[in-house]
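Hello,

Here is the structure I promised to hand over. Please open it before you read the notes below.

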Amino acid sequence: LNVMMGAARKAGRGMVRDFGEVEKLQVSMKGTSDFVSSADLKAEKTIRAELSKARPAFGFLLEEGGEVGGDDKSHRWIVDPIDGTTNFLHGIPQFAVSIGLERDGELIAGVVYEPISDSLFHAEKGAGAYLNEWRLRVSARRKLEESVLTTGIPHRGRPGQDVFIKELTAVMQETAGVRRFGSAALDLAYVAAGRCEGYWESGIKPWDIAAGIVLVKESGGYVSDFDGKGDMLATGDIVAANDQLHSKLVSLLRKARG
Ligand code: LIP
């Protein structure tokens with residue numbers, strides 16, 4: 001965890017500098033409305049170098065660099081250097097470094113670092129979740145009508161827009177509010193911190209959610225795909241919530257999707 005936190009902080013320092021001069025960055029498109037900047041690439045390089053220095057044999061799954069095999073077949077870092085690239089490029093300060101660690105296919109540690117607010121969310125399996133030095137607990141609200149949820153809205157060119165409208169309509173009708181922050185890693189961190197009662201999204205990538213899944217579980221929450229199973233990294237579907245609301249949210253979304 002110390003290695004992951006150090007790597008996230010180091011990459012975060014460069015990100016804060018780049019955020020101040022965002023107009024000077026080189027930006028290209030990976031797909032429709034899917035951007036990558038020189039800041040993403042630089043941050044990924046820093047994180048990879050820091051993690052490799054400490055654990056040279058571990059493999060990687062990197063947002064920009066893809067799968068990189070290591071000699072140690074049981075451990076894999078799952079890294080999104082800037083989760084919330086669109087926010088970053090628009091001067092919106094909500095973006096984060098996300099680093100997860102998997103051992104034999106199980107997520108065992110996660111770090112989500114929001115550099116602008118210097119918020120370091122971290123968790124290790126069995127040891128709890130923290131924001132800086134404060135222990136995190138999911139929200140204790142039990143009723144959907146008192147709950148604030150967060151989600152991701154599929155952008156131009158992304159599949160699933162019709163289904164998303166159905167889900168949103170159902171959730172809007174049952175809850176106190178829905179937010180869209182623009183970083184799945186932070187959405188999960190906010191659920192872990194009890195700021196929001198739940199989060200759902202489809203078509204999300206493993207590097208966006210790996211670290212946040214550990215945060216939610218270690219703060220007493222539940223995470224699953226839309227079938228209530230644990231295949232979030234494979235399906236790209238995720239529902240996270242406090243223990244009271246998770247099953248209610250899963251059934252609401254399943255009913256809405258038809
Ligand atoms: C982004 C997510 C965001 C999601 C976007 C995108 P990126 O990650 O975290 O919440 O809705 O579609 O995947 O591309 O900024 O790393």
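A word on annotations first: UniProt positions follow the numbering used here, feature names are shortened, and annotations may be inferred rather than shown by experiment. The model is predicted, so local features need pLDDT of at least 70 and side-chain atom pairs count only at pLDDT 80 or more, while totals for chains, interfaces and linings use all residues. Residues are numbered from 1 along each chain as its sequence is written.

The unreviewed UniProt entry annotates Asp 83 as "binding site". Asp 83 sits in strand β5, residues 72–83. Strands (E, at least two residues) and helices (H or I, at least four) are DSSP runs, numbered from the N terminus.

Why does Asp 83 count as buried? Because 31 other C-beta atoms lie within 10 Å. The cut-offs are 20 or more for buried, 12 or fewer for exposed, and partly exposed in between, with C-beta atoms placed from the backbone. Beyond its neighbours within four places in sequence, Asp 83 has contacts that include Phe 95, Ser 183 and Asp 208. Contact means that the C-beta atoms, placed from the backbone, lie within 7 Å.

Next, the domains. The chain is assigned domain 1 (2–135) and domain 2 (144–257). Such bounds come from an automatic or database domain assignment. The domain centres, taken over C-alpha atoms, are 21 Å apart. In all, 31 residues of domain 1 are in contact with 24 residues of domain 2. On the domain 1 side, β7 gives the most, with six residues. That side has 15 nonpolar, eleven polar and five charged residues. Here Ala, Val, Leu, Ile, Met, Phe, Trp, Tyr, Cys and Pro count as nonpolar, Asp, Glu, Lys and Arg as charged, and the others, Gly among them, as polar.

Now the ligand. Residues around the ligand include Glu 63, Asp 80, Asp 83, Gly 152 and Asp 208. A residue is near a molecule if its C-beta atom, placed from the backbone, lies within 6 Å of it. β5 and α3 are the elements that give two or more residues to this shell. By class, the shell has one nonpolar, six polar and five charged residues.

Where does the ligand lie relative to domain 1 and domain 2? The ligand lies between them, because both domains give residues to its shell.

Best wishes

How values were computed:
Two residues are in contact if their C-beta atoms, placed from the backbone, lie within 7 Å.
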